[in-house]
Amino acid sequence: MNANNQNRVAVIDACRTPFMRSGTAYYDLMAWELGRCAVKGLIARTGIEPSIIDYVIMGTVMADVSTTNVAREIMLGAGLPGTIPAHTCTAACVSANIAVTSACDMINSGQVDTVIAGGTESMSDPAIKIGKRYRRFLLELTMYKRPKSLSGKLKLLQGMKLKDFFAVEKPAIAEYSTGLSMGANAEDWRAGLALLEWSRTTNAARSHRLAVAAIKNGIMKRKSFPLSFPKQARW
């Protein structure tokens, strides 16, 4: 939010869902649903009037094809007016940070006054693609050639192998161009810049110690919005 139009941006409050191990409490939830819970919690905690919100920006790393503009799904799911514009950004692990800095830039430039910005991700429900050969088969069958006769459909099966129907492409948090994760890239940079290994591990350990301390002294608890879900059957 713009503070008295003096080119200063004020962060009013922050809210997140609790940390959980993947595949546990959030097993049946999509990333947009976690984002919706956080935004609803933020609105309830601050008491902000939804009508004064000008924009919503959300960062995500592994986008779900069914919710490509996850920021808008989060906004609508949280009950905000559909007239509010929203967009999603992705920049690996700093996606949410980019969303926040983009919000600051929009406010400083005078485009908007009030923005909700953050990020959402769920490792309990990552998008998994079926194998490429099976994808091509389904596209030919349902979108491109769309054969009507049984013989035409059987013709599409030529060249398909049984394993093609079971192949999957697991999600990877890595660059398509290099195949490297952010961690692997960081290690290459460390080596190239001749940074000492102990320096990297010392800073990483410090970060974890601070996170544990924040949880123990209640700082993180104040920033988290409690969630409860009915037990659902697991297969």
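What share of the 235 residues in the protein chain is buried? Buried residues make up 25% of them, where buried means under 20% relative accessible area, exposed means over 50%, and partly exposed lies in between (1.4 Å probe, protein chains only). Please keep in mind that this is a predicted model, in which local features need pLDDT of at least 70, side-chain atom pairs count only at pLDDT 80 or more, and totals for chains, interfaces and linings use all residues. Residues are numbered from 1 along each chain as its sequence is written, and side-chain values use heavy atoms, with hydrogens and water left out.

Let us begin with the whole chain. Its secondary structure comes to eight helices and five strands; helices (H or I, at least four residues) and strands (E, at least two) are DSSP runs, numbered from the N terminus. Read from the N terminus on, the elements run α-β-α-β-α-β-β-α-α-β-α-α-α. The radius of gyration is 22 Å, well over the 18 Å that the globule rule gives for 235 residues, so the chain is more spread out than a compact globule. That radius is taken over C-alpha atoms, and the rule is 2.2 Å times the number of residues to the power 0.38. Along its principal axes, the C-alpha trace spans about 70 × 50 × 40 Å. Among contacts (heavy atoms within 4.5 Å) between residues at least 6 apart in sequence, 69% join residues at least 24 apart.

Now zoom in on helix α5, which covers residues 150-156. Leucine 150 sits in this helix and counts as exposed because its relative accessibility is 62%. Leucine 156 lies in helix α5 too, but this residue is buried, with a relative accessible area of 17%. Which residues does leucine 156 touch, leaving aside its neighbours within four places in sequence? Its contacts are Phe137, Glu140, Leu141, Lys145 and Pro147. Isoleucine 53, by contrast, is 103 residues away along the chain, and its C-alpha atom is separated from that of leucine 156 by 51 Å.

Finally, consider the cysteines. The structure holds zero disulfides, a disulfide being a pair of cysteine sulfur atoms within 2.5 Å. For cysteine 15, the closest cysteine sulfur is in cysteine 37, at 9.5 Å, which is too far for a bond. Cysteine 89 has its closest cysteine sulfur in cysteine 104, 12 Å away, again too far for a bond. Cysteine 15 is buried at 17% relative accessible area, and cysteine 89 counts as buried at 16%.
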